[in-house]
Amino acid sequence: MHILVLLMGLMTAASAQSPAPENAPAQGSAKPIKMVVLGDSLSAGYGLPAAAAFPVRLQKALEAKGIKVEMTNAGVSGDTASGGRERLDWSVADGTAAVIVELGANDALRGIDPAVTRAALSDIITKLQARKIAVLLCGMLAPPNYGSEYAAKFNAIYPDLSKSLGVPLYPFFLDGVAADAKLNQADGMHPTAEGVDIVVKHMLPTVEAFLGALSGQRS
């Protein structure tokens with residue numbers, strides 16, 4: 001069953017507004033911010049030209065706002081949260097200032113115990129924080145085919161970790177794209193290039209606020 005269909009009933013739950021970029025970095029900043037997108041196929045650009053992948057499109061959107069970013073696409077198709085944890089050290093190079101964590105979709109599709117996903121994401125965040133690297137967590141929603149109890153446990157992971165570990169949250173990575181056939185590839189799971197641009201558009205204010213806060217801490 002396509003995740004496209006499975007997520008249709010969950011879109012309302014992810015409609016929380018993103019924070020406004022009140023602390024956006026000063027335009028024309030001399031030194032680019034080194035950022036990594038640690039994710040799975042959704043952010044890696046599965047089925048798309050490299051130039052259409054989420055990290056590339058986000059970098060261009062930030063540059064259009066005058067925010068210089070040196071972006072690394074550390075997305076691996078099929079990766080779970082545990083897989084991301086295993087490759088964290090070599091995926092996030094020394095000198096990285098910020099990481100966007102986009103993991104968990106494959107955990108939900110495979111019905112992995114939410115406790116396992118929660119522990120892996122918690123480890124990723126705490127390890128990055130120990131390296132003085134800022135983290136923006138992207139939420140994911142479980143498909144309803146595993147039942148409401150599983151979905152409730154899985155969906156709570158992201159807001160809970162955001163609160164307990166003090167990291168900003170973008171509630172649902174595929175907001176505005178999931179459940180729209182025109183914005184997804186034939187598999188019904190991965191965004192088209194147009195879909196990626198919509199993800200970037202919706203997420204941009206959150207990323208601007210995230211980087212603005214980072215700039216304020218380091219100024």
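Visitor: Where does Ala-52 lie?
Guide: Ala-52 is in the loop between helix H2 (41–44) and H3. Helices (H or I, at least four residues) and strands (E, at least two) are DSSP runs, numbered from the N terminus. This is a predicted model, in which local features need pLDDT of at least 70 and side-chain atom pairs count only at pLDDT 80 or more, while totals for chains, interfaces and linings use all residues. Residues are numbered from 1 along each chain as its sequence is written, and side-chain values use heavy atoms, with hydrogens and water left out.

Visitor: Why is Ala-52 called buried?
Guide: Buried means under 20% relative accessible area (exposed is over 50%, partly exposed in between; 1.4 Å probe, protein chains only). Ala-52 has 11%, so it is buried.

Visitor: What is Ala-52 in contact with, leaving aside its neighbours within four places in sequence?
Guide: Arg-57, Ala-193 and Val-196. Contact means heavy atoms within 4.5 Å. Val-196 is 144 residues from Ala-52 along the chain, yet their C-alpha atoms are separated by 7.4 Å.

Visitor: What is the strand order in the open sheet?
Guide: The order is E2-E1-E3-E4-E5, with parallel pairing. Strand E2 (69–75) and strand E5 (169–170) have a single partner strand each, so they stand at the edges and one side of each lacks a neighbour in the sheet.

Visitor: How do you know that E4 and E5 pair?
Guide: Two strands pair if DSSP finds at least two bridges between them. Strand E4 (residues 134–138) and E5 have two bridges, in the parallel sense. Cys-138 stands opposite Tyr-170 of E5.

Visitor: How many bridges does E3 make with E1, and how many with E4?
Guide: E1 and E3 run parallel and are joined by five bridges. Here Val-37 stands opposite Ile-100 of E3. Between E3 and E4 there are four, also in the parallel sense. Val-99 has Val-135 in E4 as its bridge partner.

Visitor: What makes E3 largely enclosed?
Guide: Five of its five residues are buried, so the rest of the structure largely encloses E3. Ala-98, Ile-100 and Glu-102 point one way, Val-99 and Val-101 the other way.

Visitor: Which helix lies across E1, E3 and E4?
Guide: Helix H7 (residues 114–130) does, at about 175° to E3. Axes are lines fitted to C-alpha atoms, for helices over the stretch in contact, and angles between N-to-C directions run from 0 to 180 degrees.

Visitor: Which residues of H3 are buried, and what puts them on the same side?
Guide: Phe-54, Pro-55, Leu-58, Ala-61 and Leu-62 are buried in H3. They span an arc of only 125° around the axis, so they sit on the same side of H3. The arc is that of the directions from the helix axis to the C-beta atoms. Just after H3, Gly-66 has a positive phi of about 85°.

Visitor: What is the tally for the whole chain?
Guide: The chain has 10 helices and five strands. Of its 219 residues, 51% count as buried. Among contacts with a separation of 6 or more, 82% come from residues 24 or more positions apart.

Visitor: What is the average pLDDT of the chain?
Guide: pLDDT is the predictor's confidence in each residue, from 0 to 100. The chain averages 89, and 84% of the residues score at least 70. Over residues 1–22 the pLDDT is below 50, though this stretch has 49 contacts in the model beyond near neighbours in sequence. Where pLDDT is low, predicted coordinates should not be read in detail.
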